[in-house]
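Hi everyone, thanks for coming. I'd like to walk you through one chain today, so let's bring it up on the screen.

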Amino acid sequence: MAVLRFPETDQKIDIEPEIRSQLARLGIDYERWSLDRVGADASTEDVLRAYASEIDEMKTRGGYVTADVIDVNPATPNLDAMLAKFDKEHTHSEDEVRFILAGRGIFFLNIQGKVASVEVGPGDMLRVPKGTTHWFTLCEERRIRAIRWFQQTSGWTPEYTGSGVENSYQPLCFGPTYLGSRVETGFRV
Ligand SMILES: [Fe+2]
């Protein structure tokens, strides 16, 4: 379950329909999807197979051509360098679409001069349209596993704004702490 915050007004929303409607006004799709298709130890291939219908439906909705599973945890090599690519304000030339399978993180969205943060966790689907200024950071467990969709096969490219706005916002995670510290191998990062 996500937590939506507007830091400037100290507003915090943790009711699903309210999160969905507030984000919709900002042009962001938020949905809750079932997590019961696969177990926590399912392989990437099992995840993609189990969610094949949702993956195909999303491809149709957004013109996405490919999907994969990203999986990072504290044992991921060069995790700090990887996170440093996400945590500065940037845009993409395609949508950023994530369905969270495990772990938690925060998307900061800077839309029309107003910053909103969306803490996402297992079962949350978030679709951020191309061109939206945003940045992302993990919660303290430093763990995220998610299905991603792409409109181009060339891969994920950030275009940094260089605004430095991310330095003004503390990444506060409110959701339940992920208790596992399982090290998984064999997943594409
Ligand atoms: Fe991004």
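Let's begin with a question: which cysteine is joined to Cys 139 by a disulfide? It's Cys 173, with an S to S distance of 2.0 Å. A disulfide here is a pair of cysteine sulfur atoms within 2.5 Å, and by this rule the count comes to one.

Before I go on, a word on what you're looking at. This is a predicted model, where local features need pLDDT of at least 70 and side-chain atom pairs count only at pLDDT 80 or more, while totals for chains, interfaces and linings use all residues. Residues are numbered from 1 along each chain as its sequence is written, and side-chain values use heavy atoms, with hydrogens and water left out.

Back to our cysteines. The torsion about the S-S bond of Cys 139 and Cys 173 is about -90 degrees, so this disulfide is left-handed. The pair links distant parts of the chain, 34 residues apart. Cys 139 sits in the loop between strand 10 (133–138) and strand 11 (144–150), and Cys 173 is in the segment after strand 12 (159–160).

Buried means under 20%, exposed over 50%, and partly exposed in between, with a 1.4 Å probe and protein chains only.

Now to the inside. The largest nonpolar core has 27 residues, and those with the most contacts inside it are Leu 4, Leu 23, Val 118 and Leu 126. Helix 4 gives the most to this core, with four residues. A nonpolar core is a set of buried Ala, Val, Leu, Ile, Met, Phe, Trp, Tyr and Cys residues joined through side-chain atoms within 4.5 Å. A second, separate core of 15 residues includes Trp 33, Ala 42, Leu 101 and Ile 147.

Finally, two loop residues. Asp 10, in the loop between strand 1 (3–6) and strand 2 (11–13), has a positive phi, near 55 degrees, although it isn't glycine. Asp 10 is exposed, at 62% relative accessibility. Asn 78 has a positive phi too, near 60 degrees. You'll find Asn 78 in the loop between strand 4 (66–72) and helix 4 (79–86), and at 63% relative accessibility it counts as exposed.
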